[in-house]
Structure formats: structure tokens, C-alpha cells
Amino acid sequence: MALVLAKSNRRLVPYRKRRRGLMRTNKRFNASRWIPHVSLCPDRMFVKLKYSQSFRLSSNNGAITSQVFRANDIEDCDATSQGPGPDAYGVASWSIFYGRFYVTACAIELKITPNDNGNSKVIVYPTVFNVPPTSLDASASHARAVQRQINGGEGTKSVYRKFSTRAITGEPWNINQTKVLGQQVTVNSQWYWTIAMAGVPENTPPIDTGVNCSMTITYNCVFYNRNQVLAGEQGGGGSSS
């Protein structure tokens with residue numbers, strides 16, 4: 001009996017020591033413990049923000065219609081609407097930590113479904129002008145335009161496009177061109193996604209037709225100018241501008 005207990009003790013003692021050691025290790029690296037002079041908010045933060053919207057485009061007797069969205073501004077994303085509109089998801093949260101931002105690239109994903117039996121054409125293109133298109137031919141003439149033929153009774157068709165801000169505006173990525181949260185981007189540095197739609201000549205005579213659109217815009221965004229109050233509380237130095 002004594003030999004059995006001795007063997008049992010030799011098995012249990014190392015096990016207890018190992019468990020106590022693990023507990024000490026967990027306490028030593030407790031993530032909730034505050035570490036002085038280390039900022040939890042870096043000077044620059046790269047994130048992806050999304051903006052989604054569903055809408056309908058209607059063409060009366062073959063006339064062109066359009067919807068315009070901001071491509072390098074995460075605030076008031078719908079440029080067609082009057083007055084301040086919804087921001088990209090997460091803008092309100094990130095504005096607590098930072099005062100400026102810059103959109104390095106932007107992507108649009110569009111799903112188009114016919115609303116009736118009419119035939120139409122949808123054209124998507126980036127532009128530096130927030131000007132409604134005058135015709136489908138003018139819209140299709142843009143070098144980066146992509147178009148889809150939408151026939152009544154058919155299924156959903158998709159469009160995906162992505163460009164960098166520098167590719168569209170020609171301006172290099174510069175911290176001095178970042179936008180202050182809460183202020184409108186200057187006209188020279190702004191670019192947009194334009195979605196144009198109209199009935200096609202196959203509709204004879206011209207009829208009223210429409211399409212339903214489900215859209216998601218993804219902004220590759222970098223935030224700057226860490227708020228001074230936050231920097232002071234975290235003990236992590238001044239802000240970048």
C-alpha cells in the first residue's frame with residue numbers, strides 16, 4: 001500500500017505545480033491591466049468602412065436617370081440627396097479618436113434586378129464631377145465605364161468596380177490633403193460613382209421602365225490627427241497633423 005501511495009504522490013505533485021504556474025502566468029499577462037506610456041490608439045489607423053443602400057431607377061419614355069454617390073468622402077455618402085445624408089458605417093465611432101481622414105481607394109458593388117418587362121441599360125462609372133448625365137452615350141464614353149443590359153424577366157446582374165483616389169483625381173496621397181471630419185471635401189479633390197440608367201431603343205414605342213438596385217460601397221480609409229484628449233489620457237504623445 002505504501003508503494004502505491006508513493007507512486008500516486010509522485011504523479012500528483014508535478015501536476016499541482018504546473019497548474020499553479022499557469023495561474024501565475026495568466027495573472028501576469030492580464031489584458032485588462034493598464035500599461036502606462038503606451039497608447040491604445042495609433043497615430044494612423046487603416047480601416048475599411050461600408051455604406052449600403054437600395055434604390056430604384058425609373059426611366060420615363062426612355063429618358064435617362066441617375067444616382068450619384070461620393071467615392072472619397074465617408075460622410076453624406078449619397079450625393080444625390082438634398083441636405084446631409086447618412087455616413088458610412090462607423091464614422092461616428094472613429095470620429096471620437098481622430099479628427100481627419102483620407103480615402104485611399106473605393107469599391108462599388110451593385111446588383112441590378114429588372115422591375116418590369118421593359119428593357120434598359122445601366123452604366124456605372126467614376127467621375128470627378130457631380131453632374132447628372134445627359135445621355136447613355138455620354139455615360140458610356142467614360143474610359144472607365146462599365147455597362148449592363150437589363151432585360152425584363154431576366155435575373156439579377158452585378159457590377160463591381162474599384163479604383164484608387166490617385167487614379168481618378170491624379171493627386172498623390174498626401175497628409176495635407178486629408179479631410180477634416182465634419183467638413184465638405186473641396187471640389188477639386190472629390191470624386192464620385194455615377195449610376196446612369198435609361199430605357200433602350202428595343203422598347204418601341206418608348207415605355208416607362210425601371211430597375212431595382214442593391215449597392216454596397218467599400219472605403220479604404222486612413223484616419224489621422226489623433227484627438228489630444230485621448231492622447232493625454234493614454235499617455236501616448238501628441239497628435240499627428
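Reply: A residue is buried under 20% relative accessible area, exposed over 50%, and partly exposed in between (1.4 Å probe, protein chains only). This is a predicted model, in which local features need pLDDT of at least 70 and side-chain atom pairs count only at pLDDT 80 or more, while totals for chains, interfaces and linings use all residues. Residues are numbered from 1 along each chain as its sequence is written, and side-chain values use heavy atoms, leaving out hydrogens and water.

Now to the salt bridges (a side-chain nitrogen of Lys or Arg within 4 Å of a carboxyl oxygen of Asp or Glu). The structure holds 6 of them. In one, arginine 70 meets aspartate 76 at 3.2 Å, N to O. Arginine 70 is buried at 9% relative accessibility, and aspartate 76 is buried too, at 13%.

Next, find lysine 179 and aspartate 73, whose side chains form a salt bridge at 3.8 Å, N to O. Lysine 179 sits in strand E7 (residues 179-180) and aspartate 73 in the loop between E2 and helix H2 (91-94), so this pair ties together parts 106 residues apart in sequence. Here helices (H or I, at least four residues) and strands (E, at least two) are DSSP runs numbered from the N terminus. Lysine 179 is buried, at 7% relative accessibility, and aspartate 73 is buried at 1%.

Another pair is lysine 111 with glutamate 109, at 3.8 Å, N to O. Lysine 111 is partly exposed, with a relative accessible area of 38%, and glutamate 109 is partly exposed at 37%. Finally, salt bridges with shared partners link Asp73, Glu75 and Lys179 into one network.
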